[in-house]
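Here is a brief report on one protein chain. Please look over the sequence and the structure before reading on.

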Amino acid sequence: MKMRKYLFSLSLILLANSFFAQQISNDVQVVAPYQPTISDAYKVNFLPVINDTAEVKQLFDYGIESKQVKTNFDLEPISAATMLGEPLSKLYRSNFKFGFGNYLTPLFDFNYSTLRSKTKMLGVNLGHLSSNAKLKLTDDVKSIADYSNNYISIFGKQFFDNQTLAADIYVKRNVVYYYGYNVENDSLETFPEDGFKQRFLNAGGNIHYNSTHADSSHMNFDVRLNLDYLQDINAFSQKSFALNTSFNQFFIDKLIGVDFDAAHYIRDNIAVLYNNTIVNIQPWISMFGKDWKATGGINFTGNVLSGIADYHIYPKIELQYSIANNIIIPYAGFNGGVLANDYKKSVFENPFLKADVYVANSNLKKNFYLGLKGGLSSTTSFNIRGSYSEIDNEHFYVNSLGVDSIYENTFDVAYDNIDLLNVYGEILSKPSEKFSFLLKGNYYNYVYLENELKPWHKPQYDVTLSTRYNLQSKIIVRADVFAIGKRFAKSNNPAVEFYELGEIVDINLGIEYRYSKILSAFVNFNNLTSSKYQIWNLYPSQRFNFIAGFSYSL
């Protein structure tokens, strides 16, 4: 045992000596750059599978025993649901309007009507507007240019389940002066200082009966009747009767209808008694597609003038097609007809017409039109149309000259056969409840005149711009601009062929301040630029004028 210990100790001593005898060098020699590498790893590409040799089948056998559970439920009645719409604005039975302006211009207007009703409506409207002024014909010559308009009407409407009946009667009394005359006329020394006055008394009534069916399976109808009487200061008069009817109904997918119109005019107390009767019978049919509509018909017209009958047949054709859900709708058509030119229509167009003049009817032989309409947005719509017409017996107003009109201050009528090119456009926009505007205009090109040198008193163009702005329902501002192109007046002087009437720009402004719902004040400015112009030859219009006043509702 001791011997083993000695041998082990000796071995350790020898081993230690060998360690001390080894020499370690600190120098390192690099043979090549070190490039570490990683050996690829390979996954085991299989899944374990358990093979269960024992199969266990579970069998279920169960049942449900139903039992009624008693419950107590008491019904409580509830009120029916109601649809609440926008509250109706309060209506007032009457409204008074008073005003006064320069040129000694008083204004009065009164309206009275029943309040909101599902069965009937009754009302009355009466008013007065006049002016007392002398207008300059030249720097040294003034002429009495007074006028007055008086009117009263009583109207009513009865509502039935599927029809509406409306009626009104009216009386109008208008006075004008023949104040425009040729200052170069040698007979002016005899022109009366109080001028030449003309007065028109007009009375009549209307009846309108039409259907209001909500669906298209019923026959729709519209019947209008007018009786009218007009007399001037010289007892020249006109009696007229007019009936306008329209009937239509859907048959499967087609709308079939017929229009019947009849008018009869009796002109009294002139050199020749004129009886003018016009009858139109117009059957038509409309067909529809998903994006298109086509209408075709024939207008049978009979015109009996003082016992002489004249008959015409005119086509009625119109086509339209909707593009992009009515955003753009191109349309075209072709038609014609007899255009009635009665005495009332003529003197309301030109109040300085000679009292004994009868304006004959015109014959619209052909009228072809092509247009584009639609909506630029939900608030803006437009319509552009061009037409070409052939018209026989078209009338033009010319200054009269003769034994009974030596001053040239009344107008006669000249007739001609013409071809007319007309371009019309309009755009209507209401971007908000506060602001709206309308811009529309016409361009006229008289391509052909058979006899006359110019289309007397007819403008080359006319443009209208109307705007309205509502500032918090307190201040209402209205602005209108009217522009009329140059016109030509026929001369009675052999040395002068015609006179040129210059272009017209008339700017009007109206401001209303609503102090409350029943009281408001207003002021209307007309011809703001104080332009000097003539609508009719030798007749200068009023320059800058205004009317200020207030209105009150009860």
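## Burial and overall make-up

Of the 554 residues in the protein chain, 33% count as buried. The model is predicted. The chain exposes about 36,200 Å². Carbon and sulfur atoms supply 59% of that area.

The protein chain holds two helices and 28 strands. Contacts reach along the sequence: among those between residues at least 6 apart, 56% join residues at least 24 apart.

Ile252 has a phi near 60 degrees, a positive value in a residue other than glycine. Glu408 also is not a glycine, and its phi is positive at about 60 degrees.

Ile252 lies in the loop between strand 10 (237-251) and strand 11 (254-268). Glu408 lies in the loop between strand 17 (380-399) and strand 18 (411-429). Which of the two labels, buried or exposed, applies to Ile252? Ile252 counts as exposed, because its relative accessibility is 87% and the cut-off for exposed is over 50%. Glu408 has a relative accessibility of 10%, so Glu408 counts as buried; the limit there is under 20%.

## An exposed loop residue

Asp161 sits in the loop between strand 6 (147-159) and strand 7 (163-177). Its relative accessible area is 75%, so Asp161 is exposed. Asp161 and Thr119 are 42 residues apart in sequence. In space, their C-alpha atoms are 9.3 Å apart.

## A positive patch

Lys134, Lys136, Lys142, Lys532 and Arg543 form a positive surface patch. One of them, Lys142, belongs to strand 5 (residues 142-144).

Technical notes. Residues numbered from 1 in each chain as written. Predicted model: local features only at pLDDT ≥ 70, side-chain atom pairs only at ≥ 80, totals over all residues. Heavy atoms only, no water. Patch = residues over 30% accessible without salt bridge, like charges linked within 9 Å, V, L, I, M, F, W, Y side chains within 5 Å. Areas by Shrake-Rupley, 256 points an atom, 1.4 Å probe, with all protein chains shown as cover. Salt bridge = Lys/Arg side-chain N within 4 Å of Asp/Glu carboxyl O. Lys, Arg positive; Asp, Glu negative; His and termini not counted. Charge placed at Lys NZ, Arg CZ, Asp CG, Glu CD. Helix = DSSP H or I, 4+ residues; strand = E, 2+ residues; numbered from the N terminus. Buried < 20%, exposed > 50% of the residue type's maximum accessible area, 1.4 Å probe, protein only. Contact = heavy atoms within 4.5 Å.
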